[in-house]
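Subject: Handing over a structure

Hello,

Here is the structure I promised to pass on. Please open it first, then read my notes below.

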Amino acid sequence: MNQKNLLEVDWSQIPAPQDDGAANHLVGSRIPPVSLAATDDTSVTLSALPGRSVVFAYPRTGEPGKISLVDDWDMIPGARGCTPQTCSFRDLFAELKAAGAQHVFGLSTQSNAYQLEMASRLHLPFPVLSDEKLALAKALNLPTMEVAGLILIKRLALIIDDGRITHVFYPVFPPDRNAGDVLEWLKENRR
């Protein structure tokens, strides 16, 4: 399938992911001291960040006009929508910060080089973290899926307060509403 437009998606034609319980253990978990490469040329250790952080994870973003990872990508529940999810966090970035998020990050298993291209193309005001070696995904036992021989993080969002996960959004559907849901939660749960 050719990905002509990554933002215009008819969500009624895309299967929604079901809650498989794979994120139930995360609330209350401490973030392990794993350093991840970021698109702003830094290395980020989420466990060391003071205050409230928002981390939204997604399987992988596509590139306009490029062939999908697999032909039936859109039919894999939870696969489609990484670019709309990322753009919604971009569009609500200032509001998320105003609602108490000291840090906002995207997270995927794609390489930092790939993410750098995407972050530049989408004009992201926040860094995207690369868990290419699955260090964080394995340490936290994040929900994952295997597609075309790759292990990808399933779509979710984490609220982290001083290195501890205090809330999890999982499963996330439709992806373009995730940032709005996070913003609403932040406003209702100010620190």
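Strand 6 (residues 144-147) and strand 7 (residues 150-153) run antiparallel and are joined by 4 bridges. Two strands count as paired if DSSP finds at least two bridges between them. Strands (E, at least two residues) and helices (H or I, at least four) are DSSP runs, numbered from the N terminus. The hairpin of strand 6 and strand 7 has 2 residues between the strands, and A148 takes a positive phi near 55 degrees there.

Some ground rules. This is a predicted model, where local features need pLDDT of at least 70 and side-chain atom pairs count only at pLDDT 80 or more, while totals for chains, interfaces and linings use all residues. Residues are numbered from 1 along each chain as its sequence is written, and side-chain values use heavy atoms, with hydrogens and water left out.

Confidence next. pLDDT is the predictor's confidence in each residue, from 0 to 100. The protein averages 91, and 91% of the residues score at least 70. Over residues 1-5, pLDDT stays under 50. For that stretch the model has 17 contacts beyond four places in sequence. Contact means heavy atoms within 4.5 Å.

Angles run from 0 to 180 degrees between N-to-C directions, and axes are lines fitted to C-alpha atoms, for helices over the stretch in contact.

Two pairings are worth a look. Strand 3 and strand 8 pair in the antiparallel sense over 6 bridges. There, S53 stands opposite I160 in strand 8. Strand 8 and strand 9 also run antiparallel, joined by 5 bridges. L158 stands opposite V168 in strand 9. These two strands form a hairpin with 2 residues between them, and D162 in the turn has a positive phi of about 50 degrees.

How do helix 1 and helix 5 cross? The axes of helix 1 (residues 82-91) and helix 5 (residues 178-188) come within 7 Å and cross at roughly 40 degrees. Q85, S88 and F89 of helix 1 meet N178, A179 and V182 of helix 5.

Last, a loop residue. Q102 is found between helix 2 and strand 4. At 42% relative accessibility, Q102 counts as partly exposed, the class between buried and exposed, which is over 50%. Q102 and P50 are 52 residues apart in sequence, yet 8.4 Å apart in space, C-alpha to C-alpha. Beyond its neighbours within four places in sequence, Q102 is in contact with G51, R52 and K97.

Best wishes

Definitions and conventions:
Buried means under 20% relative accessible area, exposed over 50%, partly exposed in between (1.4 Å probe, protein chains only).
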